[in-house]
Amino acid sequence: MNQALMLIMSAGVVLGGMDRILGNKLGLGEPFEKGFLLLGPMALSMTGMICLTPVLADVLSRVVVPFYRLIGVDPAMLGSLLAIDMGGYQLAKELAADARIGSYAGLVVSAIFGCTLVFTIPVGMGMVPDGDRPLFARGIMLGLTAMPVGLITGGLLSGLTLLGCLRQNLPVFALALLLLAGLRWIPDHMVKGFCLLAEGIKVFVTAGLVLAAVESLTGWNPVPNMTPIEDAMGVVASIGVVMLGSLPAAELLRRALERPLGRLGGRLGLKPESLTGMLVSLATPLPALSMYHQLDRRGKVAAAAFLVSGASLLSAHMGFVVGTQPDMLPPLTAGKLSGALTAAVLALWTQRRDQTAAGTR
């Protein structure tokens, strides 16, 4: 599977590059170029966190790790509270007692739960119109409800047992329940809280980037044991190589499935934009969030639910795994897709059930 995915990415690079040379006549040169231009935003959000990860791991090893060990959870699972490309992987590997669990926490759980916690929810709540926030929140809740399917699928393919997977995810499940309660009962306060969390992460990441850059330029740094900025940028660059091919490949996939998705949307009672938004979110959730107001009511809930596990699979997340541990591509892909599809089905089923109940009253 790894080799097949690499061939697909390579084909995307070749087609996108050739089309850029020819003037973007096929519409593939633009996503090729966009994949490279995303290096800047990725580096800005990732580099500082990667540089500070050893320092953060040292602090957490004294404060939180003893509690995790007390409840029988590998400390690596603490890394899953951050997105895969915002330090989650590095933190999980630094804290891991079991390397296999470190890979699972940092590449699978971070790509599902960590991404939802520090990116999808705060960014989504900020981008969707105020009137649509209740539908977005409901979709996120359904996505979190279906999330264990993706976590267990990814865990089994990572070599964990079912019982071991459930045990390791106890803190994740507990925090997910708190999120469900908050989104259900105090959504406005949750929005403010996530905005503060996003701002705090931005400050932390920027501070790490500044310190690492100063150390590289002068050799002086008041914070010892940081990862050199050159090593951190190497991780970002490896992701960028995959993005060159993944975005053109995702565009070709969207075109190939446009008509089937239109027919499927008709059967499911969804506007074509709703299914297109879900498909596009596999590359990046931002277009789906920007067109959120165009979706029908059922599509808004289903798209938000799909984002919890499915966001960024075909771009940043796949690129990150290829650049770090290519053997973890099957767990990542199967985990995110199974969780996303389960969430979408659950959302459509609950919407249909609610409509049926409303019709009988």
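## Helix H11

In H11, a kink of about 50° lies at glutamate 258, shortly before proline 260. The model described here is predicted. H11 covers residues 229–268, which makes 40 residues. A straight helix at 1.5 Å a residue would reach 58 Å, but the end C-alpha atoms of H11 are only 49 Å apart. The helix therefore falls short of the straight-helix span.

Just after H11 comes glycine 269, which takes a positive phi of about 75°.

## Helix H7

A bend is also found in H7, by about 40° at alanine 146. Here too a proline follows within four residues, namely proline 148. H7 runs over residues 133–157 and has 25 residues. Its end C-alpha atoms are 35 Å apart; because 25 residues at 1.5 Å a residue should span 36 Å, the value agrees with expectation.

After H7, glycine 159 has a positive phi, near 100°.

H4 comprises residues 65–70, with leucine 70 among them. Leucine 70 has a relative accessible area of 70%, so it counts as exposed, the cut-off for that class being over 50%. Together with Phe67 and Ile71, Leu70 makes a nonpolar surface patch of about 320 Å².

Valine 65 also belongs to H4. Its relative accessibility is 4%, and valine 65 therefore counts as buried, since that class is set at under 20%.

The C-alpha atom of valine 65 is separated by 50 Å from that of arginine 267. Along the chain these two residues are 202 residues apart.

## The chain as a whole

The secondary structure of the protein chain consists of 16 helices, with zero strands.

The chain has 361 residues and a radius of gyration of 20 Å. A compact globule with that number of residues would have a radius of gyration near 21 Å, so the chain agrees with the globule value. The C-alpha trace spans about 65 × 55 × 40 Å along its principal axes.

Note on methods: Residues numbered from 1 in each chain as written. Predicted model: local features only at pLDDT ≥ 70, side-chain atom pairs only at ≥ 80, totals over all residues. Heavy atoms only, no water. Patch = residues over 30% accessible without salt bridge, like charges linked within 9 Å, V, L, I, M, F, W, Y side chains within 5 Å. Areas by Shrake-Rupley, 256 points an atom, 1.4 Å probe, with all protein chains shown as cover. Salt bridge = Lys/Arg side-chain N within 4 Å of Asp/Glu carboxyl O. Helix = DSSP H or I, 4+ residues; strand = E, 2+ residues; numbered from the N terminus. Buried < 20%, exposed > 50% of the residue type's maximum accessible area, 1.4 Å probe, protein only. Bend = angle between axes of the 7 residues up to and from the residue. Rg over C-alpha atoms; globule rule 2.2 N^0.38 Å.
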